[in-house]
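Please open the model in your viewer and keep the sequence beside it.

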Amino acid sequence: MPDASDIKLRIEAAIPGARAEVEDWTGGGDHFRATVSAPAFSGLSRIEQHRLVYGVFGEEIGGPIHALSLTTISE
Amino acid sequence: MSEPANPIREAIQGAIAGNEVILFMKGTPEAPACGFSARTVGALQSLDVPFAAVDILPDPRIRQELSTVSQWPTIPQLFVGGELVGGCDIVLEMLESGELAELLGVAETSDAPQAPAVVGGGILQIENRL
């Protein structure tokens, strides 16, 4: 089961220069809320920024990670 | 063979193309089955916009095909004018910033349904299994 710090580390490892704050929304290990800022978001639409983060987890979203609520900030 | 190769995908694409504002959600606008779907319905209703809704729960293939079409992994998904707007986070962010009202105001057409309409019939038929 992923925890908030795993998710933070994976986002920061996968997206160059990203900084992520992740919390376990319900304490149940499957609903997370993340705020991610990254220079890589620059020039991307909000949809594309969120896709970039969702892409880190692939099939896990909707599976073990039931929900990953996102706020993305372009730097 | 006159059967389409992927009837569920084609039904989804048809629904997106045929409805100016359409929400794919868990449950129905009257009885949402997930908090994220409920909040997204609430955002649309707060702007008093008519929208079509599809419940993805009756058949797991609907969600699978929808995510393939939209390249978006989670539910709900809001489409306006055939384009993916986003899920709950983006819709709420856009509601607060006024972008959603702007988008829907521009996109509203006279042939849009007047009340939350359920896209029924065929493969995407709503079956309330709550």
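**Stop one: chain B from end to end**

Select chain B and colour it from the N terminus on, and its elements run α-β-α-β-α-β-β-α-α-β, where helices (H or I, at least four residues) and strands (E, at least two) are DSSP runs, numbered from the N terminus. In total, chain B has five helices and five strands. This is a predicted model, in which local features need pLDDT of at least 70 and side-chain atom pairs count only at pLDDT 80 or more, while totals for chains, interfaces and linings use all residues. Residues are numbered from 1 along each chain as its sequence is written, and chains are lettered from A, with ligands numbered from 1, in the order in which they are written.

**Stop two: the core**

Of the 130 residues in chain B, 38% are buried, a residue being buried if 20 or more other C-beta atoms, placed from the backbone, lie within 10 Å of its own. Now select A34(A) and L23(B), which touch the most other members of the largest nonpolar core, a set of 52 residues; such a core is made of buried Ala, Val, Leu, Ile, Met, Phe, Trp, Tyr and Cys residues joined through C-beta atoms within 7 Å. Strand β1 (residues 21-25) of chain B gives this core its largest share, five residues.

Which residues is L23(B) in contact with, leaving aside its neighbours within four places in sequence? They are T40(B), V41(B), L44(B), F51(B), A53(B), P76(B) and L78(B), where contact means that the C-beta atoms, placed from the backbone, lie within 7 Å.

**Stop three: where the chains touch**

Next, show both chains together: the contact takes eleven residues from chain A and eight residues from chain B. On the side of chain B that touches chain A, β4 (83-86) and α4 (88-97) of chain B each supply at least two residues.

**Stop four: a sheet in chain A**

Finally, select the three strands of chain A that form an open sheet in the order β1-β2-β3, with mixed pairing; two strands pair if DSSP finds at least two bridges between them. Its edge strands, each pairing on one side only, are β1 (19-24) and β3 (67-74) of chain A. Strand β2 (residues 31-38) of chain A runs antiparallel to β1(A) and is joined to it by six bridges, and in this region E23(A) stands opposite R33(A) in β2(A).

Methods:
Two residues are in contact if their C-beta atoms, placed from the backbone, lie within 7 Å. A residue is buried if 20 or more other C-beta atoms lie within 10 Å of its own, exposed if 12 or fewer, and partly exposed in between; C-beta atoms are placed from the backbone.
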